[in-house]
Amino acid sequence: MAKSFEVTLQKVVDHSYSIEIGEHLFASVVRDLKQGLITGVSKYAIITDSTVEPLYGRPLLELLRREGFQADLFSFPAGESSKTRETKALLEDQMLSQAYGRDCCIIAVGGGAVTDLAGFLAGTFGRGVPSLNYATTLLAAADASVGGKTGVNTPVATNLIGVFHQPRKVYIDLAAWRTLPSREFRSGLAETIKHACMSDEEFFSYLEANMDRIITEEGELILDAGVCEHIALTNCRIKYEVVEQDEHESNLRQILNLGHTAGRALEALSGYRLLHGEAVAVGLVIQAKLGVKFGYMTEEQANRVVALLKKAGLPTELPEYISNRALVDKMYTDKKVRNGRIRFVFQDGIGRMKRFADGSYSVPVEESAVMKLLEELRVNPAT
């Protein structure tokens, strides 16, 4: 007769961490490490990309070594196309060849692609080692700093393979924003606008009123210090309020996918010619215009979303080189798909999200409705 044995593993794990926002925060990293932010660590692996390496990766490596820490730097080619399982395996092999084990800490230095990839590596290396995020872009500050979602892209879909792995601390270096190309900064603004759309109408109005204090219509960066700090803090607060209630994306956290059903599909189909935020911007337009058709928001509200995206210098029209058929087919690889049906999350006006009768924040949308809207957008681009 078969016997059974119950494995009881009830426990409470505290995944809390702090986010420090300021300029030139390397001294804070050193201070925190010396004060025992992370215990039981003998080696530090700085993971960055080829763009950030000379600006921040190597200077941090040299500082840590001067301060007596054992550290090495591991870099991969910059760009979303490098955020793959293959890159992760190469980095792991390099770390193993330098005798890295479970007594190490990962320090991710860079933008969203770096923190996504390095966080995934930290979550699996030695079955999980501690990590820190040093965010150098607005996108990393807005999207990757809170929540612990990590992952890599595959030819089928973006971010479909990964783990939840919370960092021990996040540093948001506002000074680094001044080193960003204008296009990269604008890409980060898409996630900021998304946060305002879904959770904070007052922040949406603030962005409408203050966008010209951080970027001109011609795309030149101004980066008013007060506005940048407010944007960084508000992004963290909005995302934290969601993640605190739903750390592992069982329902509410799906609202952070606003604009991403079409956005991730566009990003992948473009071969990453579209930056993440550029693709999400078009995805926000698609969900807003669909939302108008379903009665979730007014035409005027949708036009405000489009206008703010344009003010940030972001695209709002479908790329000519991606067909409607290919875009819809790609949406079926989205992680919200259930029972072979495309699902969207929708704004409920501006500053709120639509919750449906079953309590869910995502809802299936018929392919025919999506195709019809895409055809209309081709004929009458978003204004």
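Helices (H or I, at least four residues) and strands (E, at least two) are DSSP runs, numbered from the N terminus. What you see is a predicted model, where local features need pLDDT of at least 70, side-chain atom pairs count only at pLDDT 80 or more, and totals for chains, interfaces and linings use all residues. Residues are numbered from 1 along each chain as its sequence is written, and side-chain values use heavy atoms, with hydrogens and water left out.

**Overall build**
- You'll find 13 helices and eight strands in the protein chain.
- The radius of gyration (taken over C-alpha atoms) is 21 Å for the protein chain, close to the 21 Å from the globule rule for 383 residues, so the chain is as compact as a globular protein of that length. That rule is 2.2 Å times the number of residues to the power 0.38.
- Along the principal axes, the C-alpha atoms fill a box of roughly 75 × 60 × 35 Å.

**Inside the chain**
- Of the 383 residues, 57% are buried, meaning under 20% relative accessible area (1.4 Å probe, protein chains only).
- Contact means heavy atoms within 4.5 Å. Among contacts between residues at least 6 apart in sequence, 76% join residues at least 24 apart.

**A look at Met 198**
- Met 198 sits in helix H6 (residues 182–199).
- Met 198 counts as buried because its relative accessibility is 2%.
- Leaving aside neighbours within four places in sequence, Met 198 has contacts including Ile 238, Val 242, Leu 258 and Arg 352.
- Met 1 is 197 residues from Met 198 in sequence and 56 Å away in space, C-alpha to C-alpha.

Methods: Buried < 20%, exposed > 50% of the residue type's maximum accessible area, 1.4 Å probe, protein only.
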